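This briefing outlines the secondary-structure arrangement and the nonpolar core of the structure shown below. The points are grouped by topic.

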Amino acid sequence: MTQDELSRAFATIARYLADSMREVANENAARDTGSEYYDARTSPMGPTTFRRAAAAGAFASFKVGRKLVARKADVDAWIATQARTPKPKEQSGDDADAAFFACLQPRRPSR
């Protein structure tokens, strides 16, 4: 074999290996950001809320390329802890009078 034939053979092998590695990397990236994960666009909350909560450490997150992603289970668990409590029912009788007079009390000045 000549030097040119060897160079072409190595170039062909290098292209094959690079294509194979690129294909495997793309498959892994697609699997990592699949149905088990939310990103800012697919999360049940708004994108800004998702990014702020992730930055605050509300749930574990990581970057895949330029996307910030988090596990669905972690995000859903955090959302469940954020549920608001219902307002108390209207008061009646003496409790209503006490609540009314309490709201007439002067408030502390804000700082």
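In this predicted model, helix α2, comprising residues 47–56, lies across β1, β2 and β3. The direction of α2 is at about 70 degrees to β3. Helix α3, residues 72–81, also packs on the sheet, where it touches β1 and β3. The angle between the directions of α3 and β3 is about 75 degrees.

**Sheet**

- The open sheet consists of three strands, arranged in the order β1-β3-β2 with antiparallel pairing.
- The edge positions are taken by β1 (37–39) and β2 (61–64), each of which pairs on one side only.
- On average, and with direction ignored, neighbouring strands of the sheet are turned by 40 degrees against each other.

**Pairing of β2 and β3**

- Strand β3 spans residues 67–71 and runs antiparallel to β2, to which four bridges join it.
- Ser61 has Ala70 of β3 as its bridge partner.

**Nonpolar core**

- Nine residues make up the largest nonpolar core: Tyr38, Ala40, Met45, Phe50, Ala53, Ala54, Phe59, Ala70 and Val75.
- The greatest contribution to this core comes from α2, which supplies three residues.

**Surroundings of Ala70**

- Leaving aside residues up to four places away in sequence, Ala70 touches Glu36, Tyr37, Tyr38, Phe50, Phe59, Ala60, Ser61 and Val75.

Notes:
Residues numbered from 1 in each chain as written. Predicted model: local features only at pLDDT ≥ 70, side-chain atom pairs only at ≥ 80, totals over all residues. Heavy atoms only, no water. Pairing = 2+ DSSP bridges. Helix = DSSP H or I, 4+ residues; strand = E, 2+ residues; numbered from the N terminus. Axes fitted to C-alpha atoms, helices over the stretch in contact; angles between N-to-C directions. Contact = heavy atoms within 4.5 Å. Core = buried A, V, L, I, M, F, W, Y, C linked by side-chain atoms within 4.5 Å. Buried < 20%, exposed > 50% of the residue type's maximum accessible area, 1.4 Å probe, protein only.
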